[in-house]
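Have the coordinates open while you read.

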Amino acid sequence: MRRSALALSLFALTAFALPAQAQQMTDPGFQPTVARPAYAAAAPVVVIDGAHNNFHTVDGRYAPFAALLRADGHEVRGGTARFDAGGLDGVDVLVIANAGAVHEDPAPPTFTESEGAALEAWVRNGGKLLLIADHAPFGTAAADLAARFGVGMGVGYAFTTDGRELTTRLTYGREALGDHPILTGRSPDERVEAVVAFTGQSLSGPDGATVLLPLPSGAREAPDLPTLQALGERLARSRESEAALAELSRPALAAQGLAFSHGEGRVVVLGEAGMLSAQLVRFDDGRPDLRFGMNAAPGNAQFGLNIMHWLTGLLP
C-alpha cells in the first residue's frame, strides 16, 4: 500500500492522528429514517454514557446513533452520573462508547472498582448493556470493565493483510454473518447483509457468547498507531512480510462483535465505535470528504437497530 493510501485510511481511525488540515466531525447530511419503528409508546430508555470522558457522546459523535434510535421510537438521553451514584437509575439500556478519551497509550482504567461492581450487578439483575471500545487507547481504558463480563480485549489496532498491503477497514459480508437474531432481525427486510468496521480492536468472549462479527483467519493486531503505520510502510516496500508481521503485530482475537446473556441481563460488546456513528473527515486542501460509519455502510444502521431490539427483548 502506498504511504499516502495508508495515511488516508488512518485519518478515519482516530482524531488523535489527524493532520492539522483535517477535521473529524459528525456528518451533517446524515438523516436516519426507520420504515417500521419498533416503539410507538412505552419506549425503552436508552442512556448513552457521557460521564467517563467519552469520545462518543449523545450530542457529539454518537448524535447520529441517537437520532437513529429516536427514529425507531426509543427515548435517548445522555448519561452524566457515575454508575455507583445514580447513573443506572431508570435506565433500560446503557450504551458506553469509547470511554477514557485521553492522550495516553496505554490509557489508565476509566471505571472505578465500585462502578464496575455496580454495573455488573445491574446487568446480572436484568440490565442491558452495549459496551463499545475501539482501537488503542480505548481498549485499555475499558479492559477491566469488560473482564467483569468475561470479555477479553486485544487493545490494539486490528487489521488484515495479503502480505503486501494491510487494511483496517473490515467488511463482514453475509457469508461471514451467522443466524443470531441480531443478524436476522424481525423479518427478512431486517436481515443484516453486511457490516463494515472502520478499524478497531479484537475481542474474545465468555463461554456461550455468540460471535456476531468474526475476524477472518489470519487477522492480526498492532499495539498502537505508530506501529501500525510502520508495519504498513514495511509491507509496502519489503518482501519479508512474515518477519515484519511477527515483529510488529500479534494474532488478533476472534471477533469484533459479541452477544451473550449475563445473569438475567443481556450484553453486546463491539470492538469498533465508528460503525454506529456517521462521521466525516473534512480536509482544508480541497480533497473530498472521507465518510465512515452508517453514512458509508448502510447495513450498519440495521445492525445497530437489531442490537437494540435484541437487548430490549423484541428479538429472542
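Q: What makes strand E17 and E18 a pair?
A: In this predicted model, E17 (residues 278-283) and E18 run antiparallel to each other over four bridges. Pairing asks for at least two bridges, so four bridges settle it. One spot to look at is Gln 279, which stands opposite Phe 292 in E18.

Q: Why is the aromatic pair of Phe 83 and Phe 111 called stacked?
A: A search of the whole structure turns up four aromatic pairs, and Phe 83 with Phe 111 is one of them. Their centres are 5.8 Å apart, and the limit is 6.5 Å, so they pair. Phe 83 sits in the loop between strand E3 (75-79) and strand E4 (93-97), while Phe 111 is in the loop between E4 and helix H3 (113-124), 28 residues apart.

Q: How do you know whether Phe 83 and Phe 111 are buried or exposed?
A: Buried means under 20% relative accessible area. Phe 83 comes in at 5% and Phe 111 at 10%, so both count as buried.

Q: What makes Arg 61 a charge over the ring of Phe 55?
A: Arg 61 lies over the face of Phe 55, 3.9 Å from the ring centre. The distance limit is 6 Å, so 3.9 Å passes. Likewise, Arg 287 has its charged end over the ring of Phe 283, at 4.1 Å from the centre.

Q: What makes a group of residues here a nonpolar core?
A: Its members must be buried residues of the listed nonpolar kinds, joined through side-chain atoms within 4.5 Å. The largest such set has 46 residues, and Phe 65, Leu 130 and Phe 303 are among those with the most contacts inside it. Helix H8 (residues 299-311) gives the largest share, seven residues. Apart from that core lies another, of 27 residues, including Leu 94 and Phe 111.

Q: Which residues does Phe 303 touch?
A: Leaving out residues up to four places away in sequence, its contacts include Ile 182, Val 192, Leu 212, Leu 270 and Met 275.

Definitions and conventions
Residues numbered from 1 in each chain as written. Predicted model: local features only at pLDDT ≥ 70, side-chain atom pairs only at ≥ 80, totals over all residues. Heavy atoms only, no water. Buried < 20%, exposed > 50% of the residue type's maximum accessible area, 1.4 Å probe, protein only. Helix = DSSP H or I, 4+ residues; strand = E, 2+ residues; numbered from the N terminus. Contact = heavy atoms within 4.5 Å. Phe/Tyr/Trp six-rings, centres within 6.5 Å; stacked < 30°, edge-to-face > 60°. Lys NZ or Arg CZ within 6 Å of the ring centre and 35° of its normal.
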